[in-house]
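I opened my notebook to go through this structure one piece at a time. These entries are what I looked up, in the order I got to it.

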Amino acid sequence: MSHNAPRQAMTRRGVLAGLGALGLSSAFGLTACSTSAPGGAANSGDASEIDTIKLYGNALGEDSQKAAWQAVIAGWEKKSGKKVKPVIYPYDQASTQLALAAKSGSFNGVSQGPWQLLVPMGILADLSDLAEGMDLPRAVLDGLRLDGKLYMLPLTASGIGLVCDGRIADETGLKSGMTVEEFATALEKIKRQDPDLVPYAAVTKNPDLKDAVHWMWGWGSEVVTKDLKCTIGDSESVAAVEWYKELQDAKLTKSGVARTDARIMFARGQAVMYDDAPLANTFVKSNGGSAALQAAVRPLRRPTVQSLPSYNRFWGAGLSCSAGKGEKTSRDFISYAAGDLGAVTALYEQSALPPADKNVADRIDALRKDTFQTSFADAVAEHARLGAWDTLSTTAQIDTAIGEGVASILAGQVGVQSGLNALRKKVDDALEQG
């Protein structure tokens, strides 16, 4: 597995989201019920061991991850002599369920869910020490730091990137390292060769239109600065969304496409390219894609604008845990899931998720031979970044606002400049709440 992104042993701190499931706290009035001062990690001096820990999350309820996590749990229980009690809920209920557990004071154990909403309550343990010796992408660590604390230990760290049918890419000159002008020209060539094909099944409707962020970054807009100022509506973001809409107007993309639609279109050979996580080749198979297409799936580096770097929105997952009672046992489980070769191999082989820690990834023979994953790491993960708002409790609220704002523009309900100006106000409001 190749990871050429700048790395460092994780002696510093960082936090990784169970991304894609970032939650809100404001709706639940999350304030008290903390075991320490709000806004930071609880005092680890009270950490203790218990015989059974809870594991909060959706993975054990999903076919694509269930077997892998069962193997991890079984391995740890055998090794430690302790037990895991799963608390399973649907992916889209993660924020609600975690917030309710925390508010009632019953949250205790390990969580796969959106850690950000629990940070203001001061009930999470600082896991910085567990990361000692891990080899993780610097950009991930820098983007996930929160007041010097590591509230979630990353298990996977990648990005949402372009994947294409390599056979058609070779015919039309579609490749990594293109400018946006060259990229659009290649899409036009695909359309001329076969008008029935969708050259690029870009997301054009919610809930995934937060994808517009990586195009805004590519044009040079920060979207949200490090000091939490929203820049949406600046000339760079306007140019990015105008270009994105022009692709749709020219029928190089297709209106009304969510990511789940794009996966199906790609697997059926109706689209040449779309954006996805490193599970893209798995989705081709699960959606009935041919063996020939499965062999031809190829990641592409996102095209660039005027020599500026291109970026992908970060995608990954990790574990956090409650501080205090049972914390030592929870830490042991997290350390096992992140670093035991048998555990990470099970997660990779049964759910196609490569480990974030390069030290461990390099020890998995099958992963080293997996050309899709190694290519994805180079073309996509290496260029992934987090938004400045990804550590806020209002992360999901901001992503939703971005998606809704861009959707209204693509639907022609509002102009690009006026639509982004209105969007900036919504994001500013959410930043103030976060």
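**Entry 1**

I'm working from a predicted model. I started with aspartate 208, and it counts as buried because its relative accessibility is 14%, while the cut-off for buried is under 20%. Lysine 210 makes a salt bridge with aspartate 208. I noted 3.9 Å between the closest N and O atoms of that pair.

**Entry 2: arginine 259 and aspartate 211**

Next I looked up the salt bridge between arginine 259 and aspartate 211, where the closest N and O atoms are 2.9 Å apart.

**Entry 3: a pair inside a helix**

Then I checked lysine 245, which forms a salt bridge with aspartate 249. Their closest N and O atoms are 3.2 Å apart. Why are they about one helical turn apart? Both are in helix H7 (residues 235-249) and they are 4 residues apart, so that makes about one turn. An α-helix has 3.6 residues a turn, so residues three or four places apart point the same way. Aspartate 249 is partly exposed, with a relative accessible area of 49%.

**Entry 4: counting salt bridges**

How many salt bridges does the whole structure have? I got 18 from the search. I also wrote down a network of salt bridges that links Glu49, Asp51 and Lys82.

**Entry 5: proline 278**

I moved on to proline 278, which lies in the loop between strand S7 (273-276) and helix H9 (280-286). It counts as buried because its relative accessibility is 2%. Which residues does proline 278 touch, leaving out those up to four places away in sequence? My list reads Ser158, Gly159, Trp315, Ala352, Phe372, Gln373 and Phe376. For alanine 352, 74 residues away along the chain, the C-alpha separation from proline 278 is 7.9 Å.

**Entry 6: serine 64**

Alanine 352 turned up again when I looked at serine 64: their C-alpha atoms are 8.9 Å apart, although 288 residues separate them along the chain. Serine 64 is found in helix H1 (residues 63-80) and is partly exposed, at 47% relative accessible area. Beyond its neighbours within four places in sequence, serine 64 contacts Gln350 and Ser351.

**Entry 7: helix H11**

Helix H11 (residues 327-339) has 13 residues. From its first C-alpha to its last it reaches 18 Å, close to the 18 Å expected. I listed its buried residues, among them Glu327, Arg331, Phe333 and Tyr336.

**Entry 8: the second largest pocket**

Last, I looked at the second largest pocket, with a volume of about 500 Å³. It is lined by 23 residues, and the closest to its centre are Asp142, Gly143, Lys226, Leu386 and Ala388. Which helix gives the largest share of the lining? That's H3, with 4 residues. Helix H3 (138-144) and strand S10 (384-385) each supply at least two lining residues. By type, I noted 12 nonpolar, 5 polar and 6 charged residues in the lining.

Definitions and conventions: Residues numbered from 1 in each chain as written. Predicted model: local features only at pLDDT ≥ 70, side-chain atom pairs only at ≥ 80, totals over all residues. Heavy atoms only, no water. Buried < 20%, exposed > 50% of the residue type's maximum accessible area, 1.4 Å probe, protein only. Contact = heavy atoms within 4.5 Å. 1 Å grid on protein atoms, 1.4 Å probe; cavity = no way out; pocket = protein on both sides within 12 Å on 5 of 7 lines; lining within 4 Å. Points joined across faces, edges and corners; volume = space filled by probe spheres on them. Nonpolar A, V, L, I, M, F, W, Y, C, P; charged D, E, K, R; others polar. Salt bridge = Lys/Arg side-chain N within 4 Å of Asp/Glu carboxyl O. Expected span 1.5 Å × (residues − 1).
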